[in-house]
Amino acid sequence: MHDFSNLIHCFRQTPVQQILMDVDGYIIESGDAIFSTVCYRNKSAREWSSFVESIFDVLLLLKPCSPEIYFVKVETINSHTTGIFDCSFLSVEWEENRPAILWTIYERSEEYLALRARQQKVNESQL
């Protein structure tokens, strides 16, 4: 039996950042818990995040009734933020029923690195 208590504990402690973007990718609001968005406020997320740029056409297809879209093990959010992240995107409405996109970023580096190390040990033990 494997002991996953450390891994489960890490998931409970995970930093989370939410970024509310308009449909052009400009930040409306951000909690800045993982990285500061101050220098990105006048640019579309498509300009400063190759990850967002690569999926933006799909995000525009989301409607308020659409389920959340998840991406796991994203290794680059922007050029200044390193780590391994899980991300979700949800279509929402904000002021005067204008469409927006809620991007939630979960910092998972510690969990994924621990999982990698555990997998490596298992692989090595099987050799």
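Student: Leaving aside neighbours within four places in sequence, which residues is Trp103 in contact with?
Tutor: Trp103 is in contact with Gln17, Gln18, Ile19 and Met21, with Trp48, Ser49, Phe51 and Val52, and with Ile77, Cys87, Ser88 and Phe89. Bear in mind that this is a predicted model.

Student: Which members of the largest nonpolar core touch the most other members?
Tutor: Cys87, Phe89 and Trp103 do, out of 21 residues in that core.

Student: Which elements each supply at least two residues of this core?
Tutor: On the strand side, β1 (16-22), β3 (69-78), β4 (81-94) and β5 (98-107). The helices α2 (45-48) and α3 (50-59) are also among the elements that supply at least two residues each.

Student: And which gives the most?
Tutor: Helix α3, with five residues. There is also a second, separate core of five residues, and Leu20, Val92, Trp94 and Ala100 are among them.
In general, nonpolar side chains in soluble globular proteins tend to be buried together.

Student: Back up a bit. What is the pattern along the sequence?
Tutor: The protein chain reads α-β-β-α-α-β-β-β-α, which comes to four helices and five strands.

Student: What is the strand order in the sheet?
Tutor: The order is β2-β1-β5-β4-β3, in an open sheet of five strands with antiparallel pairing. The edge strands, β2 (27-30) and β3, each pair on one side only. From one strand to the next, the twist averages 30°.

Student: How many bridges join β1 to β5?
Tutor: Seven, and the two strands run antiparallel. Within strand β1, Gln17 stands opposite Ile105 in β5.

Student: Which strands does α3 touch as it packs on the sheet?
Tutor: Helix α3 touches β3, β4 and β5, and its direction makes about 150° with that of β3. Helix α4 (residues 109-125) also packs on the sheet, touching β3, β4 and β5. The direction of α4 makes about 130° with that of β4.

Student: You mentioned Gln17. Buried or exposed?
Tutor: Gln17 counts as buried because its relative accessible area is 1%, and the cut-off for buried is under 20%.

Student: What lies 2.9 Å from a polar atom of the Gln17 side chain?
Tutor: The backbone nitrogen of Phe35.

Student: What else does Gln17 touch, not counting residues up to four places away in sequence?
Tutor: Its contacts include Ser30, Asp32, Ala33, Ile34 and Thr37. Trp103, Thr104 and Ile105 are also among the residues that Gln17 touches.

Student: Asp32 is in that list. What is its phi?
Tutor: Positive, about 55°, although Asp32 is not a glycine. Most residues other than glycine have a negative phi. Asp32 lies in the loop between β2 and α2.

Student: Where is Glu96, then?
Tutor: Glu96 is in the loop between β4 and β5. Glu96 has a positive phi of about 55° and is not a glycine either.

Student: What about the accessibility of Asp32?
Tutor: Asp32 is at 27% relative accessibility, so it counts as partly exposed. Glu96 has a relative accessible area of 73% and is exposed.

Student: Now the protein chain as a whole. What percentage of its 127 residues is buried?
Tutor: Buried residues make up 39%. The chain exposes about 8100 Å², and carbon and sulfur atoms supply 52% of that.

Student: Of the contacts with a separation of 6 or more, what percentage is between residues 24 or more positions apart?
Tutor: Such pairs account for 46% of those contacts in the protein chain.

Note on methods: Residues numbered from 1 in each chain as written. Predicted model: local features only at pLDDT ≥ 70, side-chain atom pairs only at ≥ 80, totals over all residues. Heavy atoms only, no water. Buried < 20%, exposed > 50% of the residue type's maximum accessible area, 1.4 Å probe, protein only. Contact = heavy atoms within 4.5 Å. Areas by Shrake-Rupley, 256 points an atom, 1.4 Å probe, with all protein chains shown as cover. Core = buried A, V, L, I, M, F, W, Y, C linked by side-chain atoms within 4.5 Å. Polar contact = N/O pair within 3.5 Å; in protein donor to acceptor, adjacent residues only side chain to side chain. Pairing = 2+ DSSP bridges. Axes fitted to C-alpha atoms, helices over the stretch in contact; angles between N-to-C directions.
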